[in-house]
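Here is a short note for a colleague opening this model. Please read the points with the structure in view.

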Amino acid sequence: MNTQGMTTPDQGPGYGLRPPVGRNGLAVAAKVLGVTALITSIVFIGGPLGVIGLVLGIVALRTTERTGVGRGKAVTAVVTSSIAIVVSVLVAVFFVWYADNTQKCYRPDSFQQYKQCVHEQLTGD
């Protein structure tokens, strides 16, 4: 503001207002769970962690509407948790499909026989 109480063009409305300061612990926890879930989603652990991270992320997003703190972390948590859940489901579907298609090969006499049997089952040879 200048001496007459008017804002100058370089200041604009809201000049001098600071963004909210603080931490949103829920958003931080959700982000950590989401990233951990994404990293571990190929070994099934990521699915349950992703569900927890997604729930915490959604709650953190609602909290950020009120407080204005931690929105980026909450969005990151929701996105990474969602991807982790999808990846975990796809991995589980793949393992079920693989087990179903190779069930005849579970009692081989040697690893070479197992490899050959799996190859035959998956390629149809």
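Is C117 buried or exposed?

1. C117 counts as buried, at 17% relative accessibility. Buried means under 20% relative accessible area, exposed over 50%, and partly exposed in between, with a 1.4 Å probe and protein chains only.

2. This is a predicted model, where local features need pLDDT of at least 70, side-chain atom pairs count only at pLDDT 80 or more, and totals for chains, interfaces and linings use all residues. Residues are numbered from 1 along each chain as its sequence is written, and side-chain values use heavy atoms, leaving out hydrogens and water.

3. C117 forms a disulfide with C105; the sulfur atoms are 1.9 Å apart. The pair links distant parts of the chain: C117 sits in helix 4, C105 in the loop between helix 3 and helix 4, twelve residues apart. A disulfide here is a pair of cysteine sulfur atoms within 2.5 Å. The count by this rule is one. The link of C105 and C117 is left-handed, with -80 degrees about the S-S bond. C105 is buried, at a relative accessible area of 2%.

4. Now confidence. pLDDT is the predictor's confidence in each residue, from 0 to 100. The protein's mean is 83, and 81% of its residues reach 70 or more. Confidence is lowest in helix 4 (residues 111-123), at a mean of 85, and highest in helix 3 (residues 71-101), at 93. Helices are DSSP runs (H or I, at least four residues), numbered from the N terminus.

5. T63 lies in helix 2, residues 46-67. T63 is buried, with a relative accessible area of 18%. Not counting residues up to four places away in sequence, T63 touches N24, L26 and G68. Contact means heavy atoms within 4.5 Å.

Notes
Helices (H or I, at least four residues) and strands (E, at least two) are DSSP runs, numbered from the N terminus.
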